[in-house]
Structure formats: C-alpha cells, structure tokens
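Work through the exercises below with the sequence and the model side by side. Try each task before you read its solution.

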Amino acid sequence: MWNALRTNVIRKPNIPKWLIAAMAIMIPLSWVPLALIAYYRTVPHRKPRIHFFQDMDNQVKYKAQAANTLFADGRAMRPPIEGTIARGRLMADEHLEHGGPIVEGKVQWADGYPATIKVDEAFILRGQERYNIYCTPCHGAAGYGDGMVHQRAVQLESSAWVQPTNLHTDDLRGRKLGDLYGTIKWGRRTMPGYASKIPTDDRWAIVAYVKALQLSQNAVAADVPEDMRPRLRQE
Ligand code: HEC
C-alpha cells in the first residue's frame with residue numbers, strides 16, 4: 001500500500017513535451033504586446049496615438065476658413081449680418097476707441113482724454129503697470145528707447161532692427177494724446193500694434209503714464225507742489 005501511495009503522490013505530471021515547448025515560446029511572446037503598449041504610452045511619437053474610445057473627440061464639423069458648398073459664396077464661416085454689432089463692440093465713442101473722430105476714413109488725432117476716462121492716481125498707476133509689462137522691453141523703463149530687446153538686438157548686430165523711439169524728444173512730447181493712443185492700438189511703421197493685448201481703457205492708462213514719464217524727465221522746479229519744494233536737493 002505504501003508503495004502504491006508513493007507512486008501516486010510523487011509521480012511526475014504527465015505533460016506532453018510539445019505542450020511544454022509551446023508554452024516556453026508562447027509565454028515570452030505574450031509579453032510582446034505588453035511591452036509594445038508600455039513603449040507607445042511612454043515614448044513620444046510623430047503620429048497621434050491610436051484612439052480606441054472616441055467619445056466626442058472627433059466630430060464632423062467645419063473648421064475656420066473651410067469651404068462649404070451649401071452657401072453661394074462657398075464659405076463655411078458666415079460674415080456677420082449687415083448692421084449687426086456684437087456685444088461690447090459698439091465703438092460709438094470714436095475718441096475713446098480710435099483716438100479721435102474719423103473724417104473721410106482717417107482718424108484726426110484728438111488732444112486730451114475721452115470723456116469717459118477719468119485720470120487719477122490709480123489710473124496712472126495702472127498705466128505704469130501696463131507700460132512696464134508691454135512697453136519696457138523695447139522702450140526701456142524710463143522711455144529712452146533702450147529696453148532689453150533693443151540691447152540684445154544691438155548685441156546681435158541685427159541689421160533689420162530699428163531702435164524703439166526715445167519718448168522724450170520734443171517731437172514725442174508734443175504729440176497729441178490720440179496719436180500716442182493710436183500708436184499703441186495699431187502700431188507705427190516697425191512697431192507692432194497692441195490692440196489684441198491691451199484693452200481700450202488700458203491703452204489710455206498707458207498714454208497717461210507716458211505723459212507722466214515725459215514730465216518726470218523734463219520737469220522744472222515750478223512743476224513741484226509748493227509744500228514739497230523744500231525737499232528738493234539743490235544742485
Ligand atoms: C517690440 C518692441 C516694441 C514694443 C514692445 C513697443 N514699441 Fe513702441 N516702438 C518700437 C519701435 C521699433 C518704434 C519705432 C518705429 C519706427 O520708427 O519704425 C516705436 C515707436 C513708438 C512711438 C513713436 C511713434 C511715432 O509716431 O514715431 C511711440 C509713441 C511708442 N512706440 C510707444 C509705445 C508704447 C506706449 C508701447 C507699449 C504699449 C510700445 N511703444 C511698445 C518698438 C516697440
């Protein structure tokens with residue numbers, strides 16, 4: 001009985017040799033897809049990933065500037081209906097929006113601020129902040145046309161570079177406010193316009209700060225309030 005039991009327990013499992021050989025090949029092969037998945041998930045590729053679950057990621061639609069034969073003019077993008085104005089785009093105040101009234105399609109630069117703009121200390125400080133963000137890189141913190149971008153362009157001996165205008169020349173100090181505003185909005189010659197980055201009121205705030213900068217570089221003792229004059233250093 002003992003013998004019989006022993007042979008039963010210890011007897012080698014009766015697995016056919018071909019099956020062992022097949023498993024020896026199949027098991028490592030089964031790792032290949034896993035390795036490929038891991039590889040494609042982690043290494044950047046030129047082509048987009050295979051996208052099994054589409055959800056709503058890809059839909060039939062017309063993209064900007066695409067053609068569409070449904071309309072007579074063949075454009076998928078529809079122009080606004082004549083006479084409609086989008087919210088916030090009324091632009092009825094030409095002085096505020098353009099820097100002056102439009103006469104025969106041309107802006108006549110106005111001098112002075114639009115009626116809706118109130119120039120106080122907070123407004124000028126706002127202008128200072130915006131100027132330091134948008135204008136300093138080229139015109140320099142004090143407005144002499146010596147910002148970091150200019151310095152770098154000189155260092156690179158860039159032949160295409162035009163020096164940003166010094167804002168303290170007599171010419172620039174005599175400019176109408178609308179003219180300065182227009183330069184910020186549309187740019188001038190090689191200077192790009194900032195209409196898309198600086199909203200209308202901020203453009204006027206920057207104008208106010210440029211005027212403050214100009215005053216700061218050309219002030220005389222009489223410009224200082226009387227009670228502060230004793231604090232001026234005599235030179
Ligand atoms: C990318 C650099 C750059 C930035 C930023 C820049 N400017 Fe200029 N700006 C120039 C250059 C260059 C000129 C000279 C253009 C020319 O003469 O071709 C100029 C000219 C001007 C002039 C004189 C225009 C004229 O009528 O001659 C004013 C005023 C001015 N900039 C104001 C500003 C203000 C305000 C800002 C900030 C909102 C600003 N600029 C931002 C490069 C810049």
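Helices (H or I, at least four residues) and strands (E, at least two) are DSSP runs, numbered from the N terminus. This is a predicted model, so local features need a pLDDT of at least 70, side-chain atom pairs count only at pLDDT 80 or more, and totals for chains, interfaces and linings use all residues. Residues are numbered from 1 along each chain as its sequence is written, and side-chain values use heavy atoms, with hydrogens and water left out.

**Exercise 1. Confidence**

Task: find which element has the lowest mean pLDDT and which the highest.

Solution. Step 1: know the score. pLDDT is the predictor's confidence in each residue, from 0 to 100. Step 2: take the overall picture. The protein averages 91, and 94% of the residues score at least 70. Step 3: go to the elements. Helix α1 (residues 2–10) has the lowest mean, 61. Helix α4 (residues 121–134) has the highest, 98. Step 4: draw the lesson. Where pLDDT is low, the predicted coordinates should not be read in detail.

**Exercise 2. The iron site**

Task: name the residues that coordinate the iron atom of the ligand, and state why the arrangement is octahedral.

Solution. Step 1: define a donor. Donors are N, O and S atoms within 2.8 Å of the metal (3.2 Å for Na, K and Ca); water is not among the atoms, so sites may look incomplete. Step 2: list the residues. His139 coordinates through NE2 and Met191 through SD, at 1.9 to 2.1 Å. Histidine 139 is in helix α5 (residues 136–139) and methionine 191 in strand β4 (residues 191–192). The two are 52 residues apart, so the pair links distant parts of the chain.

Step 1: recall the geometry rule. Four donors count as tetrahedral if all angles lie between 85 and 135 degrees; four count as square planar and six as octahedral if opposite donors are over 155 degrees apart and all others between 65 and 115; anything else is irregular. Step 5: apply the rule. The 6 donor atoms around the iron subtend angles of 87 to 178°, which makes the arrangement octahedral.

Step 2: check accessibility. Buried means under 20% relative accessible area, exposed over 50%, partly exposed in between (1.4 Å probe, protein chains only). Histidine 139 has 11%, so this residue is buried. Methionine 191 has 26%, so this one is partly exposed.

**Exercise 3. Salt bridges**

Task: find which residues form salt bridges with aspartate 73.

Solution. Step 1: get the total. The structure holds 10 salt bridges. Step 2: find the partners. Arginine 75 bridges to aspartate 73, with the closest N and O atoms 3.2 Å apart. Arginine 78 also meets aspartate 73, at 3.0 Å from N to O. Step 3: check accessibility. Aspartate 73 is partly exposed at 40%. Arginine 75 is partly exposed at 43%. Arginine 78 is partly exposed at 40%.

**Exercise 4. Positive phi**

Task: where do glutamate 157 and arginine 189 lie, and are they buried or exposed?

Solution. Step 1: read phi. Glutamate 157 has phi near 50°, a positive value in a residue other than glycine. Arginine 189 has phi near 45°, also positive. Glutamate 157 is in the loop between α6 (148–155) and α7 (170–173). Arginine 189 is in the loop between β3 (187–188) and β4. Step 3: check accessibility. Glutamate 157 is exposed at 70%. Arginine 189 is exposed at 76%.

Terms used. A salt bridge is a side-chain nitrogen of Lys or Arg within 4 Å of a carboxyl oxygen of Asp or Glu.
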